[in-house]
Amino acid sequence: RRVLLFFVLPIEAWLLVVLLIGLDLLNFLSATGGGVSQLAHLGGAAFGYIFVRHRDRFDRWIDRFSARLEARRAAQAEESEARLDALLDKINREGIGSLTPRERAFLKRASRRYQDRGGR
C-alpha cells in the first residue's frame, strides 16, 4: 500500500515503517537524556509486529478471557439471586425487622439493580 509522506511524496507503507523505526533506533542510540520516548516507540513497534504476526493467538486468548469473565458474572448473578431468595424467605418467615443492617444494604442494592434493568 502506498501512502503520501508529508502529503506529497508517495512511499510504500512498509518502507515508511522501516524508516521511522530506523530513525527512532538512531535517536535512541544517540540520546543523551536516556531516550525513553524512543524506547517507548520501539516497544510499541515490537508489540505491533508481534500482534500482527500472531493475531490468531491474541484472538483466542481474548475469546477465552471473555468466556471466563462471562462465566464469573453468571456465577455471581446466580449467587446474588440465591442470597436474595434467602433474604426474601427470611422476611416472609420473621418479618423485615429481623434483617441485619448488612442484609438491608444488600436488599437495597438488589432493588436498585432490579429497577435499573427495567424490572427484568
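## Basis of the model

The structure is predicted, so local features need pLDDT of at least 70 and side-chain atom pairs count only at pLDDT 80 or more, while totals for chains, interfaces and linings use all residues. Residues are numbered from 1 along each chain as its sequence is written, and side-chain values use heavy atoms, with hydrogens and water left out.

## The positive patch

R83, R102, K108, R109, R112, R113 and R117 form a positive surface patch. Patch residues have over 30% relative accessible area and no salt bridge, and like charges are joined within 9 Å, nonpolar side chains (Val, Leu, Ile, Met, Phe, Trp, Tyr) within 5 Å. A salt bridge is a side-chain nitrogen of Lys or Arg within 4 Å of a carboxyl oxygen of Asp or Glu.

Helix α4, residues 101–116, gives the most to this patch, with five residues. Helices are DSSP runs (H or I, at least four residues), and strands are likewise (E, at least two). R112 is placed in helix α4 and counts as partly exposed because its relative accessibility is 47%; buried means under 20%, exposed over 50%, and partly exposed in between (1.4 Å probe, protein chains only).

## The nonpolar patch

F6, F7, V8 and L9 make a nonpolar surface patch of about 550 Å². F7 lies in the loop between β1 (2–5) and β2 (9–12), and F7 counts as exposed because its relative accessibility is 78%.

## L5 in strand β1

L5 belongs to strand β1 and is partly exposed, with a relative accessible area of 23%. Leaving aside neighbours within four places in sequence, L5 is in contact (heavy atoms within 4.5 Å) with I11 and L16. L5 and L16 are eleven residues apart along the chain, and their C-alpha atoms are separated by 8.2 Å.

Methods. Areas by Shrake-Rupley, 256 points an atom, 1.4 Å probe, with all protein chains shown as cover. Lys, Arg positive; Asp, Glu negative; His and termini not counted. Charge placed at Lys NZ, Arg CZ, Asp CG, Glu CD.
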